[in-house]
Each structure stands twice: as C-alpha cells, then as structure tokens.
Amino acid sequence: MDPWAFRSVLDKKPRMLTLAFDSVNFAAYDLAKGQLYKVWNGGVTKEGTVFTNKKNIQPTSWGKPYYEEGKLYNRWAVSKNGEPVSIEVKYEGYLILGEEITLSFKLLLPNGKSITVKENPEFTIEEDGTIGFERKFIINKPSEDLEVTLRQASDDQEFRVVADKFTISDFFEQVPRQEKPAIAEGYDHLGILWMENSDCYTCHEEEHAMVGPSFKQIATKYEQNQANIATLTKKIISGGAGVWGTTPMNPHPNLKEKEIKTILDYVFTFRPKDEKIGSKNKDTKARKVAKIKEDPIPLKPGFGAPLEGVHPSYDLTVLHNEDFKPRVGGLAFLPDGRLLVSTWDSIGGIYALEGVTGADPKKVKIQRIAAGLAEPLGMEVVDGDIYVLQKHELTKLIDHDGDGVMDEYKVICDGWGVSDDFHEFAFGLVYKEEHFYITLSMAMRLLSTERQLPDRGRTLKISKDGSIERLDYGLRTPNGIGVGIDDQLFLTDNQGQWLPANKLIHVQKGNYNGMAWGLSEEEEQNPPKASPPAIWLPDKEIGNSPSEPILMQDGPYKGQLLHGDVSNGGIKRDFLEKIKGQYQGAVFRFSQGFSAGVNRLVWGPDGALYVGEVGMVGGWSWKENQYGLEKIKYNGKSTFEMLSIKAKPYGFEIEFTEALDQENLNAVLDKMVLQQYRYEATAAYGGPKLDLETLKAREVILADDGMKIELKIDGLKENHVVYFNLPLDLKSKNGNALWSSEAWYTLNKIPN
C-alpha cells in the first residue's frame, strides 16, 4: 500500500495511524490515547473525501483480528516501588527509516517528569507460516524505582513488564483469506451509499437547509406513501426547481428507481412522528412575496458573470502535467528556491519542485518528500524547517539522513478537539511573530443531541511548544488565513447556516463571527452580537468557497489583498480601509483562466504568484476540475479597471488604473447601476438580500487628472453592502474598455 504508513480517521476514531506491513497484515495506533488499537489480517476500506469524494464515510478496517477482544496489551501503566502512579500518555510523533517505523510516546508523571517510550512494530513470518507480531521498545526512565507495564484492555491483572530494549512477540496461526466486505456494510443506511455515489450531499444536509431543503424538511412536507414516493422519484430523476426556491436541482437519470426508493426510505427516517402532511395543512395560507425589480445587468465575463481569462497585466505558466496532477492543500518555498506542494488526496503527500522559477516548466524536477499525511491543508517554512498542518495535528518534518525525504513526523501541537466528522477541517498555516495561526471548521454531520467541540469554528494561535490560545469563534468553514494590510491577519469563511453570504474577516481576539452552532448552551440563551465582516462576498456573484488571502506585492495593486475561490473560481481582489477603527472595503473580480478552483497562494522568489488549485466531485470545484498548479507574473501592462473604492461622508470615491475621459463619462453615466442591501444571519443556509434598493448619484465629479470620480449619494446606510456596476461602454482616455465593471463595498461605517 502506498503510503504504507498513513494518518486518517479509522473506524470512527479520529487520530489514527495505520500501518500496512504487507498486503494483508495491518496494525493501527490510536494516537489520541497513545496506544495500539488493533492488529489484523485483511485490509482498509479507504473511503471519504480525499479517497473517493464521499462525505458521509471514513476509512474502516476489515478482516480478522489476530488478538481476541480485550486481549491486546495496549494500556500503559507505571508503578513506583509497587504503588500505582497516575500518568498521562502523550503521542510525540514517528520516525520512518527504510522500511521500519518507530513511534514515540511520553508517559507524563505527576511530578512534571516523564518516561520516554519508543516502539518499533513489525510482522514476522516463520518458516512454517506462523505469523508473528513483534514490538521492540526503548524505555528511558528518570529513575530506576519506576516500573513500566503494558496491560490487557479487559483485565488489569494481565500485564507485561516493559524494560529498556525489551521485545514483545506474539504468534498466531495462519488466517484464511479475508474477503473485503461490500461497501454498503460501512453505512448506517444503504440510502446514504446511493446519495454519496450521486451528488445529493452537495446541496442537502440531514437536519439543516443548505442550497436545497434538509431531509427533515422534505420528510415533514411529504408523507411516506406510494403517491409521494412516485412524485419524488420523478423529481429526482428529472430535476427542476420551484417547490423549494429558484435554485434548480440537477437531474439524476442514472439513478435506478430501486436506488431512489432506498434514498427516500432514508430521508423519511427524519420525519417527526407527530407531524401532519405539510402540503395538506389547511391552516397554512400561501403568501406572496413581492419581488423587487432589479436593473438588468449585462451577463458577459466581468460584467455580471465570472471572468474567463487571465488578468491582462499578468502572464500565466502551467506547472502541473500529466504525471503530476496535484489537488493542492498547501504551498510554501524553501530557502533554496524549491516549491513545496502538499496534496489533499489519498497520498497526503508533500512534493518538492525544483526549477519552478525558470522559464521552462518541462525542466521542473519533482520529488515526493513526505506522504501519509491526513488532509494537509496548510504549510509553512520557518528558518528552513517544514511545518505542515494536518487535519488533527501541526507537524514538523525532519530529514535526518540528508536524502531530501522526510524521516521524522514530529508533533508540535494536537491539542484541539476533533471527532470523526468529515467536515472538521484544519486550515492554514500562517507563521507570524514566533507563533502559528490556524483555523478550524465546524462539524456538519452531528446529531441533534450532539454539540460542536469547543475548538471548532475558531482561529487558534499556537506557540512552538504546542500551547494554544483561542482568538475568535463562530466560524463555519474558514478555508484560508493570511497576513494582510497593516500586518493584520485576515481569513475567509464560506456561506452556510448562520452565514447569509461569504466573508472576508479581520481576525480579532474575542470576536464572535456569527456561526451559532459553536455557542455554548448558556450563550444560546443570550447570543453575543456578531462582528461584521470586513467585506461581504455575495454568494454566486463574487464568492462561493473563498480561500486563502494574500497581500499584493506588485503593480498598482500593491498593498491590497487577493483571495482565491474554489467553487466560484479564480482570484478576487480586496481593497481595505479603516473607518472608525474598523476594516471595510470593496471586492473586485481579478483573474480567472486557471485550470481548477483556487485554493492556495504564495509569492515566489521570482516575484511570481504561485496558484495551487483543488476540486472534488459533487460541488466543491470549478467546473468539476480537481487539480492544478500554475503561476502568474506581472508583465507591466496596464489594465483599465477600478483600483479602489473609498467611503466618504458624501458617498464614495472610485479610483481607476487609467484616466477617464469626461465626454465618454457624461455619455454613459446614466447606465451606472448602484444598489444597497443588507444581510441578516439566520439558522437557514445562506440568506437573501434584505431591503434591496436602487440608489442614484445626485452628482458625479471627475478629478482634474481623470483618475478618480466622486459619487455624491443620498440615503446610504451603515451595515449595508453597496453594489456598483459601471457602464459596459465606459472607456479610459486611452480608449481601453473595462476589464470588469462590478464591485461590492461593505459599508460598516460611514466616515465623518
């Protein structure tokens, strides 16, 4: 198996290390407990987001255990002069040299001292075919009066004393060939299998409405009878919209009626027992919602629709190829100019790319230097050392023998709460002022009786000794954090429950960012006031799955932010200003033309911006593309577009990259569209634009140099988004057309 040592959830346990010693002999360690979990003949069903693009299942072990239930010696104990000593077991990391792995643990004692344990597991096969499992130990104790033992899980009286350079060997009879179980056996309900094999979970959740209604809403509306099953089956096969809103459901012609019936059987398990048929409730009156007529917006790239090409001021170079198709989770540069790429895939790898700053991408040399990492979605190089953020751990990678391949995977911090939920991602990584910064997303598959773990939905500040400081809370899916204007930290968050739109957020200690799932029971009774984002990113217009922000270093845009987007695609540009002590500003379309959705950004030593891309079947992707690694470099060409929008007491000031012509401006001014609206966070997935109104500038003044216009606007309101759509035929004095006509300004405060 490649890799043969890998981190993942296993059997619904979150912090696991699985070792494939050959094609049938496996061992797994529960690193959260610091103990051996299982030794077996069989295999691992590698299911889940990075393995099979499925959200509701994680890897599971299958086959026959070599040890009977409770007979495995796996519980550490310490005694002093025959008296038990309380201990805490702490996992420290592992070392792979050649084909051997050595795990490191510490047994923490009450007096602050510790016992170091190094364990080297291996399978052996005797000449007669007998299978042996061997565990070699190196024990380092602070005093000789301490005795270390391993005890059986089911019997505290059955134990083995473990001394320095001690080996435990157990032998087993040959095991018959084990058959891999059908995948359906890994699901609580077979309906989940068919939904995972389709795209149902892209738009639907069990308990909460997302893009589409929740299963509970559907089951409440429709009674489980033959007529409704037939109606819903037809809807699923044909697709369409209208019952639950205007967003259409994709057709599913390849699903068989038998499979759909199983799906609906699972959906109906969410029907409250005392609910009547919602569609036949005579007391419910249909309500008509008045629609606000919006000015028509021309739908062409950059003008009401996403861009399609690369920004004209930048040249693009493709770095991926047929042999290297990375789903990029992290990017960082080594001091020698090599680019590190971590991959969000079944390998969980880190690759070192030599020659990326050169002119010929065909000459780039690629070396895999680490593997087996669990969803590495962040990476930093600090003083030449490589740090990677895994799903459940911040890890330092060390090359001991100088061959370029990492030998040691050392724990820096694993002190945050985790479960087996697929959506508990760890995003980052930023190193600033001797500390690491990461963000943690919330779980999405909790039962109504379960609560989010305390660290979920937070930004964490981590020191090199592993200590954690919690900064803010109330985040949903904060995929990316970076250093921006004024050396401040900014992150992005994704639309969802309690998030009516996507956000760019200024990280501030103690801030509550609005996602209520993470509130304590006490806080739910009196919820805190949510801090407004620095910039709202309206869903499907300028955002859908925003990712890592990065500070611009070149061109007229220097000092502004860029951020990527996995589902909306491309890179967006953010202008920020500080009004009354609070950041706010405008977001613009910047560039598209990349192979897949943009996930990670890093500046190279050559001044180019390196773009790491990712995707997943079933929605989290740009046009269903899943991989890409490219770079763009400033070419000095001028591109006519809005450079900034600044709030003023009278309205706004728009600055351009090229001077405007007064005559052209006068001719097209009436075509400018200005609107304002607000958002309100609710338990629903996303949210509408509230109090939408069209604005009119009572006066437009062009600066003497033609580079700025003042818009004097009455009726502006704080805590609103102001939408700008400039005329399609606005031209610069040089005769150049706009690259993109739209901008969205978040007006948290109106300046004095």
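## A buried phenylalanine

Phenylalanine 105 has a relative accessibility of 1% and therefore counts as buried. The term buried denotes a relative accessible area under 20%, exposed denotes over 50%, and partly exposed covers the values in between, with a 1.4 Å probe and protein chains only.

The structure is a predicted model, in which local features need pLDDT of at least 70 and side-chain atom pairs count only at pLDDT 80 or more, while totals for chains, interfaces and linings use all residues. Residues are numbered from 1 along each chain as its sequence is written, and side-chain values use heavy atoms, leaving out hydrogens and water.

## Overall dimensions and composition

The protein contains eight helices and 48 strands; these are DSSP runs numbered from the N terminus, helices being H or I with at least four residues and strands being E with at least two. The C-alpha trace spans about 95 × 70 × 50 Å along the principal axes. The radius of gyration is 29 Å, which agrees with the value near 27 Å that a compact globule of 752 residues would have. This quantity is taken over C-alpha atoms, and the globule rule is 2.2 Å times the number of residues to the power 0.38.

Of the 752 residues, 55% count as buried. Among the contacts with a separation of 6 or more, 59% come from residues 24 or more positions apart, a contact being heavy atoms within 4.5 Å.

## Surface and charge

The accessible surface of the protein comes to about 33000 Å², and carbon and sulfur atoms hold 47% of that area. Such areas come from the Shrake-Rupley method with a 1.4 Å probe; for residues, only the protein chains shown count as cover.

There are 90 positive and 109 negative side chains, and the centres of the two sets lie 6 Å apart. Lys and Arg count as positive and Asp and Glu as negative, whereas His and the chain ends are not counted; each charge is placed at NZ of Lys, CZ of Arg, CG of Asp or CD of Glu.

## Aromatic pairs

Rings of Phe, Tyr and Trp (its six-membered ring) pair if their centres lie within 6.5 Å; planes under 30 degrees apart count as stacked, over 60 as edge-to-face and the rest as tilted. By this rule, the count is 32 aromatic pairs. One of these joins tyrosine 67 and phenylalanine 172 edge-to-face, at 5.1 Å centre to centre and 80° between the planes. The pair links distant parts of the chain, 105 residues apart: tyrosine 67 lies in the loop between β5 (60-65) and β6 (73-80), and phenylalanine 172 in strand β14 (residues 166-172). Tyrosine 67 counts as buried at 13% relative accessibility, as does phenylalanine 172 at 11%.

Tyrosine 91 and phenylalanine 105 have ring centres 6.1 Å apart and planes at 55°, so this pair is tilted. It links distant parts of the chain, with tyrosine 91 in strand β8 (residues 88-97) and phenylalanine 105 in strand β9 (residues 100-108), 14 residues apart. Tyrosine 91 is buried, its relative accessible area being 2%.

One aromatic cluster consists of Trp4, Phe21, Tyr66, Tyr67, Phe123, Phe133 and Phe172.

Leucine 107 is located in strand β9 and is buried, with a relative accessible area of 0%. Beyond its neighbours within four places in sequence, leucine 107 has contacts that include Trp76, Val78, Ile87 and Val148.

Lysine 637 lies in the loop between β40 (627-634) and β41 (642-648) and counts as exposed at 54% relative accessibility. Not counting residues up to four places away in sequence, lysine 637 touches Pro312 and Ser313. The C-alpha atoms of lysine 637 and proline 312 are separated by 7.0 Å, although these residues are 325 residues apart along the chain.
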